[in-house]
Amino acid sequence: AGVLLDPEVDFKNRPAEMTRLLQLFEGAKYGLGFTTFGRVAFHPTFPWPESAGFGWGSPQLYTVSPESARKGIAEWRERWSVVIPSVPAFGRNSDAQLLPYLRELGDVPGLCVWQWALLAPDEWRQLAEFARRF
């Protein structure tokens with residue numbers, strides 16, 4: 001049980017607001033996570049310094065190439081000690097491409113899938129196959 005914060009475009013250029021948001025969860029009794037843009041380099045006005053290290057990190061890597069996803073994971077690992085990428089149940093990296101895409105991510109401790117209700121039976125099978133490596 002826990003909270004996964006998902007601040008996005010409304011927090012760009014607003015570091016004080018990000019700080020206030022994160023302060024609301026200081027001392028929380030449950031797990032804390034943080035998810036937003038997958039590539040730090042592509043969103044320089046996002047308040048990365050204020051949010052870095054808050055809980056575990058989950059870069060949203062839905063539509064990017066495997067190479068860009070690996071770069072995103074590396075960028076997040078510079079800021080979070082635990083990085084669990086968010087991956088798609090839609091778009092070009094889903095359907096028959098899901099498992100090949102996941103295998104390209106490198107060594108990750110787990111996955112978040114957006115959104116599970118969209119997963120087809122074959123995608124559930126691919127996720128189960130990927131999970132066997134854990």
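Modeller: Start with helix H5 (residues 121-131), whose buried residues are Glu123, Gln126, Leu127 and Phe130. This is a predicted model.

Colleague: How do you know how far the prediction can be trusted, and what is the mean pLDDT of the protein?

Modeller: The mean pLDDT is 94, and 100% of the residues reach 70 or more. Where pLDDT is low, the predicted coordinates should not be read in detail.

Colleague: Why is Pro88 called buried?

Modeller: The cut-off for buried is under 20% relative accessible area. Pro88 has 0%, so Pro88 is buried. Pro88 is placed in strand S4 (residues 86-88).

Colleague: Which residues does Pro88 touch, leaving out those up to four places away in sequence?

Modeller: With those left out, Pro88 touches Leu61, Tyr62, Asn93, Ser94, Leu98, Tyr101, Val113 and Trp114. For Leu98, the separation from Pro88 is 10 residues in sequence and 7.9 Å in space, C-alpha to C-alpha.

Colleague: What makes Ser51 buried rather than exposed?

Modeller: The same cut-off, under 20%, applies. Ser51 has a relative accessible area of 0%, so Ser51 counts as buried. Ser51 lies in helix H2 (residues 48-51). Not counting residues up to four places away in sequence, Ser51 touches Met18, Leu22, Phe34, Phe46 and Trp80.

Colleague: Which residues touch the most other members of the largest nonpolar core?

Modeller: They are Phe34, Tyr101, Leu102 and Leu105, in a core of 30 residues. The elements that give two or more residues to this core are H1, S2, helix H3 (66-77), H4 and H5. H4 gives the most, with four residues. Leu105 touches Ala69, Arg70, Ile73, Pro85, Val87 and Leu111, again not counting residues up to four places away in sequence.

Colleague: How do you know that strands S1 and S2 pair, and in which sense?

Modeller: Pairing needs at least two bridges. Strand S1 (residues 2-5) and strand S2 (residues 31-37) have four bridges, in the parallel sense. Gly2 stands opposite Gly31 in S2. With helix H1 (residues 15-23), S1 and S2 make a right-handed β-α-β unit.

Colleague: Why is Asn13 called exposed, while Asp95 is called partly exposed?

Modeller: Exposed means over 50%, and partly exposed lies between that and the 20% limit for buried. Asn13 has a relative accessible area of 59%, so Asn13 is exposed. Asp95 is at 48%, and therefore counts as partly exposed. Asn13 lies in the loop between S1 and H1, and Asp95 in the loop between S4 and H4.

Colleague: What is phi in Asn13 and in Asp95?

Modeller: Phi is near 60 degrees in Asn13 and near 50 degrees in Asp95. Most residues other than glycine have a negative phi, and most peptide bonds are trans.

Colleague: Which residues does a cis peptide bond join?

Modeller: The cis bond joins Trp114 and Gln115, with omega about -15 degrees. Gln115 is found in the loop between S5 and H5.

How values were computed:
Residues are numbered from 1 along each chain as its sequence is written. This is a predicted model: local features need pLDDT of at least 70, side-chain atom pairs count only at pLDDT 80 or more; totals for chains, interfaces and linings use all residues. Side-chain values use heavy atoms; hydrogens and water are left out. Buried means under 20% relative accessible area, exposed over 50%, partly exposed in between (1.4 Å probe, protein chains only). Contact means heavy atoms within 4.5 Å. A crossover is right-handed if, with the strands pointing away from the viewer, the path from the first strand over the helix to the second runs clockwise. A nonpolar core is a set of buried Ala, Val, Leu, Ile, Met, Phe, Trp, Tyr and Cys residues joined through side-chain atoms within 4.5 Å. pLDDT is the predictor's confidence in each residue, from 0 to 100.
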